[in-house]
Amino acid sequence: MTRRPHSRHQSRPAFSNSHASGSRRPFTSHICVSSTGRRRWSKPSSASFRTSSRTNRARRGAPRASLWLNQCEILVPRLIAKVIARFLPIHGRHRIPGRDIPAGTGELYCNFREDDEDSEDTEDLARTPKGIVLIVLSVLSVPGAAPRLIVKSSSVSVTFTGEYSMSVRLRFAPSPTGNVHIGNIRAAIFNWLHARHCGGVFLLRIEDTDLERSTPEAIRTLMEVMDWLGLNFDEAPLYQTSQKLKHIAAAEALLAKGHAYRHAKGGDASGGEAVLFRIPWDAEQVPGVAVAGPAELPVHPDHEIVIDKTGINFAQISGKGTPMPVQKCLAGFKGLEILDTAGAILLRLDDEMAAAVLAGTRRETCKGAAKLRFTRRTITYRDLVKGELTKPLDGLSDFVIVRSDGSPVFHLGNVVDDVTQQITHIVRGDDHVENTYRHLFLFHCLGTTAPQYAHLPMIVNAQGKPYSKRDGDAYVGDFRTKGFLPQALFNYLALLGWSPGDDREKMTRDELVTAFSLDRCKSSAAQMDLRKLTDINGQYLAEMPAAEFVPLAQEWAARQPWGAGLDAALFTKVAGLMQIRTKTFADIAGWGTFFQELPAYDEKACRKAFADKPVQNALAMLTQDLADTPADAFTAAAAEAAIHGCTAACGVQQGKLNQPLRLAVTGTTIGAGIYETIEILGKERTLARLEFAKQFFA
RNA sequence: GUCCCCAUCGUCUAGAGGCCCAGGACACCGGGUUCUCAUCCCGGCGACCGGGGUUCGAAUCCCCGUGGGGACGCCA
């Protein structure tokens with residue numbers, strides 16, 4: 001399949017840092033891969049960054065698969081990794097799920113060759129933006145082992161180990177309490193984009209467990225908004241309340257396996273017991289958990305330390321030196337030794353004692369402790385957006401999964417539903433990062449592997465603060481009522497915290513899907529900018545075919561005070577004139593001047609514009625000329641001729657007359673071409689307005 | 001308070017140690033095209049949070065500050 005011998009490539013040194021081992025000459029091109037300097041890679045055009053039909057043909061015979069790079073363990077220089085990450089998505093649409101690949105056989109993948117002057121099929125090559133040519137040699141699929149992708153770049157041979165892109169499943173899981181927030185819908189968009197990019201599945205889950213605040217009305221609004229933005233989902237929405245039995249069953253299973261326990265936490269008034277999930281004592285079983293080493297924590301001696309099945313309770317020392325009690329999971333304190341002020345060991349928690357404590361048969365207390373000494377363990381996961389994130393277990397506590405009234409808590413429901421819906425990727429706001437550590441344990445104790453996580457940065461308001469209830473424009477529906485197009489909002493929101501890496505901004509939905517990748521998401525908060533949204537909206541509006549624009553504009557016009565029973569032909573003319581000037585549909589409110597008997601006049605501007613005597617004369621003469629024009633010949637051309645006549649006769653430059661004229665007939669200084677405006681207004685209204693305007697003559 | 005995260009023009013961003021005395025877009029300002037307004041074109045203004053370190057070389061890597069944010073519920 002790969003038709004060239006590769007010995008040539010293998011003889012090349014790794015290009016990264018190739019300059020360091022060689023001469024000291026500064027870079028003159030952006031990437032230099034040849035140690036001899038014979039070949040250099042020029043910046044490729046985007047046109048060459050594409051799969052050719054030839055490539056597809058060549059691939060046809062072999063099963064195709066691609067690597068889901070985000071799941072890979074990257075064993076190569078970062079530069080190459082990035083290059084491949086950028087490159088692979090281009091072929092996303094040709095992917096077939098990895099599970100269709102027969103295991104146990106080596107599979108040829110594709111055949112991107114190196115760019116070479118003497119090549120006979122140059123269209124076969126695939127280049128990265130950095131100008132590095134990749135050759136994917138093969139994918140090795142071996143039972144019981146992670147599949148491997150063998151990739152050869154221009155100068156270095158690399159191997160990736162990872163999973164194939166099994167069919168990717170994402171979900172948007174809002175709780176239907178009130179209006180959909182702009183940050184939420186952005187998360188929905190990113191989920192959708194990633195699902196579509198991977199040819200995967202996008203699901204909707206309605207987390208309606210908060211019965212008090214969830215309303216059918218809110219659910220309807222949610223659906224409307226999703227529909228408006230084109231966020232179509234692939235399976236019937238899952239209502240979380242319908243899953244309650246499953247949640248409870250999961251809690252029972254955890255209880256049975258000792259991963260959870262009942263406890264009347266915090267002196268519950270009703271006396272009922274909640275179910276708490278326990279961060280597992282043998283945390284090493286959980287992927288991502290590692291021993292960080294010995295650690296020490298000062299504690300306040302006045303606070304008695306209590307160790308029981310709910311974990312450990314001790315007091316940290318505040319800045320003022322007062323005790324600050326905290327409750328932490330026992331798993332955070334493996335090998336715990338409690339020391340007094342003199343450094344003598346007051347209590348040592350060995351595995352045997354821990355087992356008894358966790359079983360609930362033993363409870364330890366300790367007074368006068370000054371220091372906790374223990375083996376710190378941490379849990380780490382690789383966030384697709386934020387990179388590696390780590391949390392020490394001693395910062396974690398056991399948490400409630402079923403309330404004392406028997407209802408499941410968010411953490412449980414959310415995780416169980418993700419298992420039910422076979423979610424592979426969770427894309428959500430970064431206010432959930434802390435939850436992720438807990439959920440990782442839950443997934444494991446529920447007997448499944450956790451999905452991939454991607455935490456998106458927040459969107460903040462114009463003050464740089466998180467959106468709050470006071471921010472009127474934080475709701476998606478508001479953008480609709482403010483006259484924004486769904487595709488413009490979609491486009492703009494996609495650009496908030498993400499960019500394609502080049503200068504493109506106005507992108508179609510398809511372009512966004514193709515270009516999208518989670519690893520290009522930023523990890524810092526983004527501020528919403530209405531002006532930019534407005535600009536993008538204006539671009540969409542301007543490029544819209546008239547046949548599409550007019551009916552939409554008509555809907556908006558109909559809501560105006562002057563909007564009843566508008567003449568369709570007249571409206572189409574006005575729309576034709578105004579479309580390019582329209583930034584949002586809300587601007588249509590200003591079209592009233594074309595449909596009203598008399599518009600509102602900007603009196604101040606009028607007085608100023610009409611101050612000149614020659615202008616007044618010209619306007620008067622023009623009024624007369626237009627009055628003499630037959631109504632059936634009252635065209636833009638006629639208006640133009642009349643205006644020219646007056647300017648010549650009165651010695652007023654046309655540039656000096658147009659603005660006063662516009663004010664006289666429309667009442668404002670902004671608007672469409674004056675000739676067309678006069679034609680659209682018609683003889684009667686034009687004359688009436690010119691008469692009316694005379695009152696502003698000084 | 002504890003833990004975690006983040007930091008480039010006013011705003012959204014590009015940036016993966018030399019393509020960068022930092023590029024694009026919005027906004028703003030000026031000029032041109034146009035009968036006016038708008039569009040369009042050209043130009044201008046405008047940023048690497050601070051301090052150390054590593055390096056021949058730092059926006060980029062490391063450390064310390066500072067600032068901002070998040071999480072610490074029988075909310076989701």
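Two strands count as paired if DSSP finds at least two bridges between them, and strands are DSSP runs (E, at least two residues) numbered from the N terminus, as are helices (H or I, at least four). These views come from a predicted model, in which local features need pLDDT of at least 70 and side-chain atom pairs count only at pLDDT 80 or more. Residues are numbered from 1 along each chain as its sequence is written, and side-chain values use heavy atoms, without hydrogens and water.

**View 1. An open sheet of four strands, with antiparallel pairing.** Follow the order β13-β12-β11-β16. The edges belong to β13 (323–328) and β16 (364–366); each has a single partner strand, so one side of each has no neighbour in the sheet. Three bridges join β11 (residues 305–308) to β16, and V306 has T365 as its bridge partner there.

**View 2. F314 and F333 form an edge-to-face aromatic pair.** Ring centres within 6.5 Å make a pair; planes under 30 degrees apart are stacked, over 60 edge-to-face, and the rest tilted. Here the centres are 5.8 Å apart and the planes at 80°. F314 sits in β12 (residues 311–317) and F333 in the loop between β13 and β14 (334–340), so the pair ties together parts 19 residues apart in sequence. Buried means under 20% relative accessible area (exposed is over 50%, partly exposed in between; 1.4 Å probe, protein chains only). F314 is buried at 1%, and F333 is buried at 0%.

**View 3. A charge over a ring: K506 and Y540.** The term requires NZ of Lys or CZ of Arg within 6 Å of the ring centre and within 35 degrees of the ring normal. The charged end of K506 is 4.3 Å from the centre of the Y540 ring.

Key: Chains are lettered from A and ligands numbered from 1 in the order in which they are written. Rings of Phe, Tyr and Trp (its six-membered ring) pair if their centres lie within 6.5 Å; planes under 30 degrees apart count as stacked, over 60 as edge-to-face and the rest as tilted.
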